[in-house]
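Subject: Structure handover

Hi,

Here is the structure I said I would pass on. Have a look at it first, and my notes on what turned up follow below.

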Amino acid sequence: MNFISFIYRGKRIKVYELIFLKGGWNMKGNYRYLIMTLLTTIVMINFIDRGALSYAQEFIIEEYGLNENWGQILGFFGYGYIFGGFFGGLLADKKGPRYIWILAATTWSVCAMLLGIAGDIGIAIFGGSAIVGFAIFRILFGLFEGPINAAQNATVGKWAAQKDKAFMVSMGQLGVPLGALLTAPIAVALISAFGWKGMYITLGLVGIVWVIIWFKVFTDYPEDNPHVTKEELEKIRSAEGLLESESAVNKSNQAKTPWYHFFKHPTLIFNVLAYFSFQFISFINLTWTPKYLQDEFGFELSSLWYIGMIPWIGACITILLGAKLSDLLRRKTNNLRIARTSIGIVSFFLTAICFLLILTVNSPGAVLTLMMIANGLAFLPSTLFWVIILDTDPDNSGSYSGITHFFVNIAAIVAPTLTGFLVLRYGYDAMFITAAIAAILSMVFLTSLARSPLPQGTE
C-alpha cells in the first residue's frame, strides 16, 4: 500500500502509521484501545450505510413509485443479514476475525456503491422492475454486513482483559447508536452535495479506506502484533479478578465445540429471545423514524439532519454506562447473573413506559424527548447480550455470536415490514405500541435468563 505513504522526518512512512502510531493513539501499552476505536469506527460506518436509505426514501419513492412497497424494501436487508451473521460467525472461529473483517467490509462497501443504481439495474435487466433491483442489492448488502457482530465479538474475546470485557464490547457497540446519531447529518449532507446515488458511492469509498487501515494494524491475537508490548499482553491475559469457573481465551486451544451445542445452553436461548426483542425496537427506530417525522410533523429533509439525531443522543452515553455498571456489579457481587441481567430488567420496563407515553403527547418536542429517553434506556443493557456469549464460551464466541445474530436479526426483516403494515392500516400509534410490547418481552426473557444457571458464573 505504498501509494498512501510519504517522507516524514527523513524516512518513508505510511499515512496510517502517522495517524495511529506516531500520534496520541500510540500510548505505549494501550494498543488494544486503538483496535477497539477502529471497531467503533467500522460499526458506525456500517450503521450509517444501512440507515442512509431512510433519508433517501423521498427521492427513491418519487423516482420509482415505490410508496406501497417501502416497508418491503427496508426489510429486504434483513434476509441477507441473518445468513451473513450465521456463516460469518462460523468463519470467524475458523479463519479468524481479521479475515472476516476484510472480506465483509470490502464486499458490503462495494454493494453500498451499487445500491445507488439498484433501481436502474432492476428496470434494465429484470423486466422493468425497480423493486427487484433493490431486493437483490439490499439482500446482498445485508449478507455482507451480517458478519459484523460475530467478528466484533470474536475480536473482543481475543483482545480484551477479562475484568474489562463488558466495557470493551461496549466500545465496539458504541458505533451502533453513534452511527444512528450521525446517519441523519451525514446522509442529508451527502444527498445535498451529490444526490442520493452519489451518497452511496461516497459511503462505499469510506468503507474501503477503513479496510486498508485495518489490514495494516490488526492481527487476530495480540500475541502476534508487534505493537503490543509484553506488559500490555500480560494485562490482556491476566487472570486478576477472574470469577470461579470463569475462563479466558486460550490461543493454544484448537478444540472447538460444535456450533450446535449452542442449543444446549438455556442461557443462550433466553439471551437470543431478549436480544431479538431489543433489536426489534432498534430496527423500528432506525428505519421508520425519518418517515414518521416527515409524515406526522411535516419536517423537510433540510431539517432532518439535526432532528433525526435527537432520538439517538442518550444511547451514545448509556451504551457505555451499562457496560461499566455491569463490570462494576460483576466485581462487587461475584455473580454474573446479577451483573448481566438486572440492568436490562429495569431499563426495558422503563423503555416500555416511555414508548406508551408518546401516545399521550402531541408536540414534536415531547415526542422526540420521549424517544430519546426510551432509546437511551433500551441501549443501556444492549452490549450485555454479546458479553453473555463471551461469559458462556469465549473460545467459541464467533460461532455462538453468529447463531445469535441469525435468530436475533430476523427482527431486521420483521420490524420494518410489520411496522409498514401496521402504519398503513392503524397509523403511527401502532409503531410505538409494538415497540413497548417488544420492550416488555425483553424484560421477561431477561428475568428468565437470570433464573437459569450461567455456565461460567458463580451462584
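Let me start with helix H17, which covers residues 397-408. It has 12 residues and reaches 16 Å from its first C-alpha to its last, close to the 16 Å expected at 1.5 Å a residue. Bear in mind as you read on that this is a predicted model.

Is H17 enclosed or open? With 11 of its 12 residues buried, H17 is largely enclosed by the rest of the structure. The buried ones are Ser397, Gly398, Ser399, Tyr400, Ser401, Gly402, Ile403, Thr404, His405, Phe406 and Val408. As for what surrounds them, the buried residues of H17 pack against H3, helix H7 (148-159), H11, helix H16 (384-392) and H18.

Two of those partners deserve a bit more space. Take H7: this helix has 12 residues and reaches 16 Å between its first and last C-alpha, close to the 16 Å expected at 1.5 Å a residue. H7 is mostly covered, with 12 of its 12 residues buried. If you want to click through them, they are Ile148, Asn149, Ala150, Ala151, Gln152, Asn153, Ala154, Thr155, Val156, Gly157, Lys158 and Trp159. Note that Lys158 is on that buried list.

Which residues does isoleucine 82 touch, not counting residues up to four places away in sequence? They are His405, Phe406, Asn409, Ile410 and Ile413. His405 and Phe406 are both among the buried residues of H17. Isoleucine 82 and phenylalanine 406 are 324 residues apart in sequence, yet their C-alphas are 4.3 Å apart in space.

That pair brings me to the chain as a whole. It has 19 helices and two strands. Of its 459 residues, 59% count as buried. Among the contacts with a separation of 6 or more, 83% are between residues 24 or more positions apart.

The largest pocket has a volume of about 260 Å³. Its lining is made up of 16 residues, and Glu68, Gly71, Gly420, Phe421 and Leu424 lie nearest its centre. The elements that give two or more residues to that lining are helix H3 (70-95), helix H11 (266-297) and helix H18 (411-426). The largest share, six residues, comes from H18.

- Phenylalanine 134 is in helix H6 (residues 130-145). At 1% relative accessibility, it counts as buried. Leaving out residues up to four places away in sequence, phenylalanine 134 touches Ile60, Tyr64, Leu66, Ile73, Phe76, Leu115, Ala118, Gly119, Ile139 and Trp196. Phenylalanine 134 and isoleucine 117 are 17 residues apart in sequence and 8.8 Å apart in space, C-alpha to C-alpha.
- Threonine 318 has its place in helix H13 (residues 313-333). It counts as buried at 16% relative accessibility, since the cut-off for buried is under 20%. Neighbours within four places in sequence aside, threonine 318 is in contact with Gly376, Phe379 and Leu380.
- Asparagine 334 lies in the loop between H13 and helix H14 (336-358). Its phi is near 55°, a positive value in a residue other than glycine. Asparagine 334 is partly exposed, with a relative accessible area of 41%.

Last, a word on confidence. The chain averages a pLDDT of 84, and 88% of the residues score at least 70. Where does pLDDT stay under 50? One such stretch is residues 1-6, for which the model has 16 contacts beyond four places in sequence. Over residues 18-26 the pLDDT is below 50 as well, and this stretch has 19 contacts in the model beyond near neighbours in sequence.

Cheers

How values were computed. Residues are numbered from 1 along each chain as its sequence is written. This is a predicted model: local features need pLDDT of at least 70, side-chain atom pairs count only at pLDDT 80 or more; totals for chains, interfaces and linings use all residues. Side-chain values use heavy atoms; hydrogens and water are left out. On a 1 Å grid over the protein atoms alone, a cavity is a set of points where a 1.4 Å probe fits but cannot get out, and a pocket is an open set with protein on both sides within 12 Å along at least five of seven lines; lining residues have an atom within 4 Å of a point. Grid points are joined across faces, edges and corners, and a volume is the space filled by probe spheres set on the points. Helices (H or I, at least four residues) and strands (E, at least two) are DSSP runs, numbered from the N terminus. The expected span of a helix is 1.5 Å times one less than its number of residues. Buried means under 20% relative accessible area, exposed over 50%, partly exposed in between (1.4 Å probe, protein chains only). Contact means heavy atoms within 4.5 Å. pLDDT is the predictor's confidence in each residue, from 0 to 100.
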